[in-house]
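Take a look at the model before reading on.

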Amino acid sequence: MSDRILIFYGSYRSDRQGIKLANYLVDAFAARGASPELIDAKAVGLPMLDRMYREYEPGTAPEALEALAQKIIAADAFVFVTGEYNWGVQPGLKNLTDHFLPEWFWRPAAIASYSAGRLAGVRAASAWHPTLAEMGMVVISSTLSVGGIGGAFDAQGAPQGDSGTALTRAFPRFADDLAWWTEAARAQRARLKPPY
C-alpha cells in the first residue's frame with residue numbers, strides 16, 4: 001500500500017517562493033512510491049475560522065471544507081510546508097489547519113520550512129511543532145529547512161545551488177523518518193482502535 005501523504009502549503013502572497021519546495025516534495029515523495037497530494041491553502045480558500053468542520057451537522061459543511069476533511073481523514077501522513085512570518089507561522093496555513101481537529105488524530109506529521117534568509121524558517125518550524133502535536137499528530141524529529149528559497153530551485157523546479165544541494169541531501173532521511181512513523185501508526189490503528 002502506498003502512503004497517502006497530504007502536503008500542505010499556506011502562503012497567500014502573489015510572488016510565492018515556497019510553492020517550489022512544496023512541488024519538489026510532491027515529486028520527491030512520488031518518486032519513492034508514495035501517493036502525495038498538494039493542498040494549497042490559497043487554492044482551497046477557506047474563510048477565516050468561524051466554525052470548525054466538526055461543528056457542522058453532517059452534510060451541512062461548505063463543499064470545500066467537506067472535501068478537505070475527507071482527504072485529511074483518508075490520509076496516512078502530513079507534511080506542512082511553512083514560511084516564516086515575523087518569527088512565526090503563516091496565517092493562511094494556520095487558518096486552514098485550525099478548521100479541523102479530530103480529523104488529524106493518530107497520524108504522523110513532518111515540517112519543511114523555508115525563508116529568503118539563511119535561517120531557513122526554522123523559527124516557524126519550531127512554532128509548528130507543538131501546535132501540530134496539540135492537534136493530535138505525532139511530529140517526526142527530522143525536518144527540512146531551506147534558506148535562500150528564491151535561488152534554491154531553477155526555472156523547472158529542480159534544486160540548485162547550496163540550498164538545493166542541502167535539500168536533496170537531507171530529503172531521504174526526512175522521508176525515511178516519515179515513512180517509518182506512517183507504517184507504525186497504520187499498523188497500530190489496524191491492531192487497536194484509537195482510544196478517542
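Predicted model: local features only at pLDDT ≥ 70, side-chain atom pairs only at ≥ 80, totals over all residues.

## Terms and model

Residues are numbered from 1 along each chain as its sequence is written, and side-chain values use heavy atoms, without hydrogens and water.

## The largest pocket

The largest pocket holds about 270 Å³ of space. Volume here is the space filled by probe spheres set on the grid points, which are joined across faces, edges and corners. Its lining has 15 residues. Nearest the centre are Arg13, Tyr85, Tyr114, Ser115 and Ala116. The lining divides into five nonpolar, six polar and four charged residues.

## The second largest pocket

The second largest pocket has about 210 Å³. It is lined by 13 residues. Trp106, Ala184, Ala185, Gln188 and Arg189 lie nearest its centre. Nine lining residues are nonpolar, one is polar and three are charged. Ala, Val, Leu, Ile, Met, Phe, Trp, Tyr, Cys and Pro count as nonpolar; Asp, Glu, Lys and Arg count as charged; the others, Gly among them, are polar.

Helix α6 gives the most to this lining, with five residues. Helices are DSSP runs (H or I, at least four residues), numbered from the N terminus.

## Trp181

Helix α6 spans residues 161-191 and includes Trp181. Trp181 is partly exposed, at 34% relative accessible area (partly exposed lies between buried, under 20%, and exposed, over 50%, with a 1.4 Å probe and protein chains only).

Terms used. Helix = DSSP H or I, 4+ residues; strand = E, 2+ residues; numbered from the N terminus. 1 Å grid on protein atoms, 1.4 Å probe; cavity = no way out; pocket = protein on both sides within 12 Å on 5 of 7 lines; lining within 4 Å.
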